[in-house]
Amino acid sequence: MSNVTETPTSHEVAASEMLVQLRALAQSVGDYGFITKGQRRRLNTVSTLPIPFLLSVAVALDASEALTRAAGITGAQIRDVVALANAYVPVADEMALVAGGMRDTVQAKRADTGQRALRAYRLAKSFNSPSDRELLIPHIEDMKRTLGRGRRKVVKPVAEPKPPATVPPAPAKS
């Protein structure tokens with residue numbers, strides 16, 4: 001009896017379904033999209049205006065219809081964007097945390113599997129039985145080749161000969 005468990009083949013299916021759900025969630029946010037690096041630089045100063053400032057502008061817009069017409073925005077529209085930011089910035093922060101956790105999970109699983117694979121490789125190289133050794137020789141060679149470790153031949157660069165040092169002529173004695 002072996003304690004080796006088989007890896008389910010549905011990882012790709014589960015990950016694909018998760019990606020579809022994540023994309024659908026993101027698309028549910030109105031005007032979801034990306035901006036270029038240049039746009040980000042250009043928008044950064046106005047996108048980080050303090051919320052109290054935005055709300056005070058909204059109050060002024062509510063008080064003056066002429067200001068609303070001239071500005072091309074209403075107090076309600078400003079409050080809606082403030083509400084959107086307050087609601088979705090924590091979602092973006094949480095998604096970033098989840099992404100980090102997903103990367104950590106994958107790295108930990110790969111590390112555990114890598115340690116076990118290296119142990120199996122070391123064990124395969126140390127088998128003493130001639131029949132086992134014959135059976136494993138091509139596999140050991142393949143593992144060694146794909147692992148890519150070991151000493152590589154170092155090609156020493158050919159040193160160019162140094163030009164002879166020139167000695168300045170001695171000053172003439174008079």
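Predicted model: local features only at pLDDT ≥ 70, side-chain atom pairs only at ≥ 80, totals over all residues.
Biologist: Which elements make up the protein, and in what order do they run from the N terminus?

Modeller: The order is α-α-α-α-α-α. The protein has six helices and zero strands.

Biologist: What share of the 174 residues counts as buried?

Modeller: Of the 174 residues, 7% count as buried.

Biologist: How do I read a pocket, and what is the volume of the largest pocket here?

Modeller: Rolling a probe the size of a water molecule over the atoms shows where empty space is left. In this model, the largest pocket has a volume of about 1900 Å³. Its lining holds 44 residues, and those closest to the centre are Val29, Tyr32, Gly33, Tyr88 and Ala92.

Biologist: Which elements give two or more residues to that lining?

Modeller: They are α1 (11-27), α2 (37-47), α3 (51-63) and α5 (75-126). Helix α5 gives the most, with 15 residues. By residue class, the lining divides into 32 nonpolar, eight polar and four charged residues.

Biologist: Which residues form the nonpolar patch on the surface?

Modeller: The patch consists of Met18, Leu19, Leu22, Leu25, Leu84, Tyr88, Val91, Met95, Met102 and Val106, and together they have about 860 Å² of accessible area. Helices α1 and α5 each give two or more residues to the patch, and the largest share, six residues, comes from α5.

Biologist: Is Leu19 buried, partly exposed or exposed?

Modeller: Leu19, in helix α1, has 39% relative accessibility and therefore counts as partly exposed.

Biologist: How many salt bridges does the structure hold?

Modeller: The structure holds four salt bridges. In one of them, the side chains of Arg79 and Asp62 meet at 2.6 Å, N to O. This pair links distant parts of the chain, with Arg79 in helix α5 and Asp62 in helix α3, 17 residues apart. Arg79 is partly exposed, with a relative accessible area of 34%, and Asp62 is also partly exposed, at 48%.

Biologist: Why are Arg69 and Glu65 separated by about one helical turn?

Modeller: Because they are four residues apart in helix α4 (residues 65-71). Arg69 is exposed at 60%, and Glu65 is exposed at 62%.

Biologist: Where do Arg145 and Asp142 lie?

Modeller: Both lie in helix α6 (residues 130-147), three residues apart, about one turn of the helix. Arg145 is exposed at 60%, whereas Asp142 is partly exposed at 36%.

How values were computed
Residues numbered from 1 in each chain as written. Heavy atoms only, no water. 1 Å grid on protein atoms, 1.4 Å probe; cavity = no way out; pocket = protein on both sides within 12 Å on 5 of 7 lines; lining within 4 Å. Points joined across faces, edges and corners; volume = space filled by probe spheres on them. Nonpolar A, V, L, I, M, F, W, Y, C, P; charged D, E, K, R; others polar. Patch = residues over 30% accessible without salt bridge, like charges linked within 9 Å, V, L, I, M, F, W, Y side chains within 5 Å. Areas by Shrake-Rupley, 256 points an atom, 1.4 Å probe, with all protein chains shown as cover. Buried < 20%, exposed > 50% of the residue type's maximum accessible area, 1.4 Å probe, protein only.
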